[in-house]
Amino acid sequence: MPSLFLELHKAYLDARKHKRNTINQLKFERNLETELLSLCKELETRTYELKPGICFINELPVKREIIAADFRDRVVHHFLYNRIYPILDRKFIYDSYSCRVGKGTLFGIKRVMGFLRDDAWVLRLDIKGFFMAIDRGILFSLLMDGLRGAQPICELLEFLIHKIVFNEPLKNAHFKSPESAWDGLPPDKSLMYSAPNCGLPIGNLTSQVFANVYLNPLDHFVKRQLKIKYYGRYVDDMVLIHSNKQILLNAILHIREFMQGRLKLTLHPKKIKLQPAAKGFAFLGAYIYPRGLAVGKRVAKNFKECIFYPLANSEKQAQRVQSYLGLLGHFGG
């Protein structure tokens, strides 16, 4: 119990970093010891159940369906993350950038820029409705295989992973946005239309980590089987760079077959883009050239909206502006 309690307390501190002063966080904090002891008991007796989440539409940077977990469940997500991330991260390729310590969007942008040569070709790929198409059975198997490779997986971790992976997040969810907010959102962007036993909620730490696990076989296939040296991925945005255009054309066919056969995923037909590197291309909010960077149109548009339509909360608005200024400082003309 003492060790588990301390781990949950650390997970609580991690979870509250970006959720300070929210209603659920404050409610949890007011009875912190009681809440943590209750979680300890539920985890030890395997009686833990997830609480209903809050479902809403987030318009920026792009329209998305978000299902935010209850703060209590966020604590458990961080507990699980702290246990499994060090093991799983060693299995990932170097050029997987999302939700990894020391990496992220700017790391990915600069890394991909370093791959470029004037005579190179750039292939960009995207997965259709990625989070909503993830097969939970395949995901669970990949997680178990990845963790067993390092050491025998403990019963508690297997219990939690199964509980979170196979959770139905829309069941009993509280809907914060009106029904009309879903107008214009493609069906493959909502869990409402996902196939049975498919889909993960966007907005949870575990979903981000699980996404890397799910696409890890694809990363190794591209690097080891297709022998594409210059390859990077951020969630489901992929970039392949090669001096031979035909090799990249062939890669499209092989990747499509691998994803459909192994992962039950589909390449987005309208987001397959092959072009000379010298013309520049969009990736992770930047426009990348062999010798420089420019801010992407979406980031510029969102920054203007941030300035002209400020948040009512002045502290959050100041943080928002500083975040954009910090990001824009990495780009040149």
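Residues are numbered from 1 along each chain as its sequence is written, and side-chain values use heavy atoms, with hydrogens and water left out. Because this is a prediction, local features need pLDDT of at least 70 and side-chain atom pairs count only at pLDDT 80 or more, while totals for chains, interfaces and linings use all residues.

**View 1. Asp236, a buried residue without a salt bridge.** Asp236 sits in the loop between strand E5 (230-234) and strand E6 (237-242); strands are DSSP runs of at least two residues and helices (H or I) of at least four, numbered from the N terminus. Buried means under 20% relative accessible area, exposed over 50% and partly exposed in between, with a 1.4 Å probe and protein chains only. The nearest side chain of opposite charge, Lys189, is 5.7 Å away; Lys and Arg count as positive, Asp and Glu as negative, and His and the chain ends are not counted. A salt bridge needs a side-chain nitrogen of Lys or Arg within 4 Å of a carboxyl oxygen of Asp or Glu. Beyond neighbours within four places in sequence, Asp236 is in contact (heavy atoms within 4.5 Å) with Leu125, Asp126, Ile127, Phe130 and Leu215.

**View 2. Leu249 in helix H10 (residues 245-263).** Leu249 counts as partly exposed because its relative accessibility is 32%. Its C-alpha atom is 8.2 Å from that of Leu274, 25 residues apart along the chain.

**View 3. Asn172, a non-glycine residue with positive phi.** Phi is near 65° here, in the loop between helix H8 (155-165) and strand E4 (174-175). With a relative accessible area of 56%, Asn172 is exposed.

**View 4. Asn197, in the loop between E4 and helix H9 (205-225).** Asn197 has a positive phi, near 65°, and is partly exposed at 36% relative accessibility.
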